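Trainee: I have the sequence and the coordinates open, and I would like to work through this structure with you one question at a time.

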Amino acid sequence: MSPDRVSLLRLLRRRFGVPRGAATVIIVLAAMTALLVSASPRLLVQVTREEVAHQAGQLAPTTRDLTGSVVSTFSPDGGVSGLERALATAREQWPPLVHGLVGEGQVAVYTVPLRVAPEVLPPTSPDTDIQLLVEPDAQEHLEIVGGTWPREWSGSGPIGIALTEDAAATMEWPLGQRRSITATDAVEVQLTAIVRPTEPDDPRWLHLPTALTASVFDDGNRRPVATSAAWVNPATWEVLDPPGTIVAWYPVDGAAAVGLDVAQVLPTMRAIVTSPLSLDPAGSVRVSL
């Protein structure tokens, strides 16, 4: 072989040859690229699930949860517990896909604010409005710090109510005191229990009107008005049968979205919120979430 031919071969090796180390790196990079390309759809799905869970977790419960309300004067079968059963029945009919994401339905019913007044109202005390409130499982979320839980109202005598510590203090309403509902003058309410929440940070309280505290309105021109929810015995509600607002909600656990296919969850949830739920056997009272 001539010297010129040998020199040409060496030049070609230097120009186009690849060291073994570099070749190994290229092979590894090519393999990793192929792996990433094949895994990218799965990674994208997981990232999407985590982002949905994160975004849902940032929402207020009243926005995140499936929530609806309706004004009604009907008495459901089984009282307010009948409403809870209606929500449970509706959830059972939903696709199993969302059962881990959407919790058991909860419900409460409350009246418009009712002005109540004691026999003597000190000059510095606020006027008081109460919204009679009934929940099927209220006592599971409250502890009594004074008095006894309201008994069923028989139709005569005062209606027993329960207020939170904060509300009773704001309203300057001592335990045992009676106040008249001014719209009727013939019906009195009596504070028989002062309560506090077992879990004050439970998101459920955000669904209930003025439940844990008394809101105070003061325009500076007249006596301030303190408004609070006042729990009554569920059986009392059936005797009163007042018009009331039904609020129903299903807690949504945003973290559960991590294990779900978002592409399937979205149309399922859309179908749920576009189909009003029946709250009575006749279907005359329905609520949209």
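Trainee: Which residues does Asp-129 touch, not counting residues up to four places away in sequence?

Mentor: Bear in mind first that this is a predicted model. Asp-129 has its place in strand β4, which covers residues 127–134. Once residues up to four places away in sequence are not counted, the residues that Asp-129 touches are Pro-113, Leu-114, Arg-115, Met-171, Val-225, Ala-226, Thr-227 and Ser-228.

Trainee: Is Asp-129 buried or exposed, and what is the length of the polar contact that joins its side chain to that of Arg-115?

Mentor: Asp-129 has a relative accessible area of 10%, and because buried means under 20%, Asp-129 counts as buried. Arg-115 is among the residues that Asp-129 touches. The side chains of Asp-129 and Arg-115 are joined by a polar contact of 2.4 Å.

Trainee: Where is Ser-228 placed, and with which residues is Ser-228 in contact, leaving aside its neighbours within four places in sequence?

Mentor: Ser-228 belongs to strand β10, and at 0% relative accessibility it counts as buried. Leaving aside neighbours within four places in sequence, the contacts of Ser-228 are Asp-129, Ile-130, Gln-131, Leu-163, Ala-167, Met-171, Thr-210, Thr-213 and Ala-214.

Trainee: Which loop holds Glu-172, and what is its phi?

Mentor: Glu-172 is found in the loop between α5 (165–171) and β7 (178–181). A relative accessible area of 41% makes Glu-172 partly exposed. Although Glu-172 is not a glycine, its phi is positive, at about 55°.

Trainee: How many aromatic pairs are there, and how is the pair of Trp-94 and Tyr-250 classed?

Mentor: The count comes to 2 aromatic pairs. In the pair of Trp-94 and Tyr-250, the ring centres are 4.7 Å apart and the planes stand at 55°, so the pair is tilted. This pair links distant parts of the chain, with Trp-94 in the loop between α4 (80–92) and β2 (106–110) and Tyr-250 in strand β11, 156 residues apart. Both Trp-94 and Tyr-250 are buried, and to come back to the class you asked for, the pair is tilted.

Trainee: What is the angle between the planes in the pair of Trp-205 and Trp-231?

Mentor: Trp-205 and Trp-231 form an edge-to-face pair with 6.4 Å from centre to centre and 85° between the planes. Trp-205 sits in the loop between β8 and β9, while Trp-231 is in strand β10, 26 residues apart. Trp-205 and Trp-231 are both buried, and the angle between their planes is 85°.

Trainee: What separates the C-alpha atoms of Val-107 and Ser-81?

Mentor: Val-107 is in strand β2 and counts as buried at 3% relative accessibility. Not counting residues up to four places away in sequence, Val-107 touches residues including Val-80, Leu-83, Glu-84 and Leu-87. Val-107 and Ser-81 are 26 residues apart along the chain, and the separation of their C-alpha atoms is 8.7 Å.

Trainee: How far apart in space are Pro-251 and Leu-66, C-alpha to C-alpha?

Mentor: Pro-251 is found in the loop between β11 and α7 (262–273), where it counts as partly exposed at 25% relative accessibility. Among its contacts beyond four places in sequence are Asp-65, Leu-101 and Val-102. Pro-251 and Leu-66 are 185 residues apart in sequence, and their C-alpha distance is 6.6 Å.

Trainee: How do the lining residues of the second largest pocket divide into nonpolar, polar and charged?

Mentor: The second largest pocket holds about 220 Å³ of space. Its lining includes Thr-111, Val-112, Leu-114, Leu-132 and Pro-243. The lining divides into 10 nonpolar, 2 polar and no charged residues.

Notes
Residues numbered from 1 in each chain as written. Predicted model: local features only at pLDDT ≥ 70, side-chain atom pairs only at ≥ 80, totals over all residues. Heavy atoms only, no water. 1 Å grid on protein atoms, 1.4 Å probe; cavity = no way out; pocket = protein on both sides within 12 Å on 5 of 7 lines; lining within 4 Å. Points joined across faces, edges and corners; volume = space filled by probe spheres on them. Nonpolar A, V, L, I, M, F, W, Y, C, P; charged D, E, K, R; others polar. Helix = DSSP H or I, 4+ residues; strand = E, 2+ residues; numbered from the N terminus. Buried < 20%, exposed > 50% of the residue type's maximum accessible area, 1.4 Å probe, protein only. Polar contact = N/O pair within 3.5 Å; in protein donor to acceptor, adjacent residues only side chain to side chain. Contact = heavy atoms within 4.5 Å. Phe/Tyr/Trp six-rings, centres within 6.5 Å; stacked < 30°, edge-to-face > 60°.
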